[in-house]
Amino acid sequence: MAIMIRLQSHATVILLMIVSCSAIPLAQHDHRLDLIPINISVPPVVLVPGIGGSIMSDVSSGVRVWIRLYEADTYFERFMWGKFNASSMKLEPFPGQPLVAPVLSGYGLDGIRNLDPSVRWPIYDYVAYFDAMIQELESQGWIHGISLFGVPWDWRQSMCWTPTLDRLEDALRAARERNNGRKVALVSHSMGALVVKCFMARRPEFFQEAVETWISIAAPHQGASAKIFMEFLQGYNLGNIVIGAEAAKVLSLEAPAVYELLPQENFEWQEQPYIALQWKNGTRQVYGETGGTTGYDIPIRNSLVDHKMTLPWSGETLPEPFNEDCWELSQGTRREIFEVEHPPNLRFYNIYGTNQATPNGLEFTDVGDWRDLSNLKYSTTLTDGDGTVSVESASNHGLNASKTLGVNADHMSILMKSDTLDFVLQALYGRI
């Protein structure tokens with residue numbers, strides 16, 4: 001991989017960075033390489049974001065609809081909602097509803113760098129996402145479209161959705177072609193790791209051929225924490241503080257990716273995520289493992305029997321219960337990634353967040369009816385993690401890690417912590 005060396009002249013550095021923004025077809029000689037005085041043998045990098053971590057825009061107008069902090073609910077409901085189609089196995093827009101897609105410009109980096117470019121301090125850290133890591137890699141010489149790529153994806157769809165896996169394969173091919181066939185390093189955040197595992201499971205030969213290093217950051221390898229239960233029962237806005245809980249819930253019930261974040265039932269938990277109900281008649285029931293009479297899907301399913309969505313553009317009200325087709329799809333894909341094996345010669349590194357209060361159980365009291373769960377106040381039991389993913393889930397990846405690192409950070413800020421950035425560079429340079 002070609003590495004740009006930082007020169008003494010500040011103006012020269014700026015010139016090199018501006019030149020690196022142009023798009024050059026693979027078949028042509030890239031004259032940016034002529035500006036680089038030496039080559040260092042480090043891999044090209046492909047970044048894979050997690051759920052909610054790709055900018056989504058209206059295909060026809062280019063208007064950004066996710067993430068935005070202004071008029072957020074209006075755009076979210078009008079553009080991001082949809083209906084899961086069991087035949088096509090994907091969330092689709094309603095008739096007449098605009099089509100949205102991830103932003104792919106800048107070799108995939110524009111759509112994952114800063115999720116709302118209009119936002120400035122003091123809430124910049126909330127949307128900055130991969131920005132700090134991209135800046136760090138740029139400062140070390142990685143160049144957009146030559147040695148640095150991103151893979152935005154429609155995070156409403158399944159983690160194993162074919163167009164997402166195709167986009168990841170395209171990025172890996174481009175990175176290899178521009179680096180004389182050199183194998184690639186993947187850096188994933190959160191659910192991006194599950195996308196990578198789907199790719200490993202479904203395209204194992206190509207993965208072995210194309211990837212030498214994978215760095216997983218804050219991954220819900222065994223599912224998310226009890227926050228995912230909250231998403232189904234009362235709505236959870238994926239951290240976007242201006243999205244209403246009900247608006248988020250409507251999307252979540254039709255989005256396969258959300259079902260795929262439920263706790264892995266094949267895993268032997270030390271601290272099983274659970275939902276506990278204290279009924280008005282004095283009975284207490286705890287719902288944890290899936291598949292039995294006490295599976296966590298039981299209270300979720302029963303609480304949603306009468307749930308409805310109201311389409312803001314027409315006022316039409318539609319039933320929206322627990323989506324059994326999404327559930328069935330997620331059962332298969334989660335089993336698929338649980339069974340994936342470590343590819344030969346892969347160097348795998350795992351980074352996870354610690355020392356943040358992370359919900360592990362939901363405790364409801366004074367429950368009279370299942371439907372009460374949609375609005376009853378609840379308490380949480382806590383475990384160690386990054387606030388979203390428990391240490392137990394993030395550290396039990398099922399692979400052979402060359403090295404792991406726990407970082408005192410929450411689920412989003414972990415991407416910009418110096419400990420994380422230093423570890424990533426050490427892994428890319430092959431020093432750990």
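Trainee: In which sense do strand β1 and β7 pair, and over how many bridges?

Mentor: Before that, please note that this is a predicted model, in which local features need pLDDT of at least 70, side-chain atom pairs count only at pLDDT 80 or more, and totals for chains, interfaces and linings use all residues. Residues are numbered from 1 along each chain as its sequence is written, and side-chain values use heavy atoms, with hydrogens and water left out. Helices (H or I, at least four residues) and strands (E, at least two) are DSSP runs numbered from the N terminus, and two strands pair if DSSP finds at least two bridges between them. Strand β1, residues 45-48, pairs with β7 in the parallel sense over three bridges. Opposite V45 stands L148 in β7.

Trainee: What is the strand order of the open sheet of six strands?

Mentor: The order is β7-β1-β8-β9-β14-β17, and the pairing is parallel. At the edges are β7 (148-150) and β17 (401-408), each of which pairs on one side only. From one strand to the next, the twist averages 15°.

Trainee: Which strands stand at the edges of the open sheet of four strands, and why is one side of each left without a neighbour?

Mentor: That sheet has the order β11-β10-β15-β16, with mixed pairing. Its edges are β11 (284-287) and β16 (378-385); each has a single partner strand, so one side of each lacks a neighbour in the sheet. Within the sheet, β10 (residues 274-279) and β15 (residues 356-367) pair in the parallel sense over five bridges. Y274 has G361 in β15 as its bridge partner.

Trainee: How are two packed helices described?

Mentor: One gives the angle between their axes and the distance between the axes. Axes are lines fitted to C-alpha atoms, for helices over the stretch in contact, and angles run from 0 to 180 degrees between N-to-C directions. Here, the axes of α7 (residues 192-202) and α13 (residues 324-338) come within 9 Å and cross at roughly 80°. This makes α7 roughly perpendicular to α13 (65 to 115 degrees; under 35 is roughly parallel, over 145 roughly antiparallel, and the rest oblique).

Trainee: Which residues of α7 and α13 meet?

Mentor: Contact means heavy atoms within 4.5 Å. L194, K197, C198, A201 and R202 in α7 meet T333, E336 and I337 in α13.

Trainee: At what angle do α5 and α15 pack?

Mentor: Helix α5 (residues 131-140) and helix α15 (residues 418-428) pack at about 45°, with their axes 11 Å apart. That makes α5 oblique to α15.
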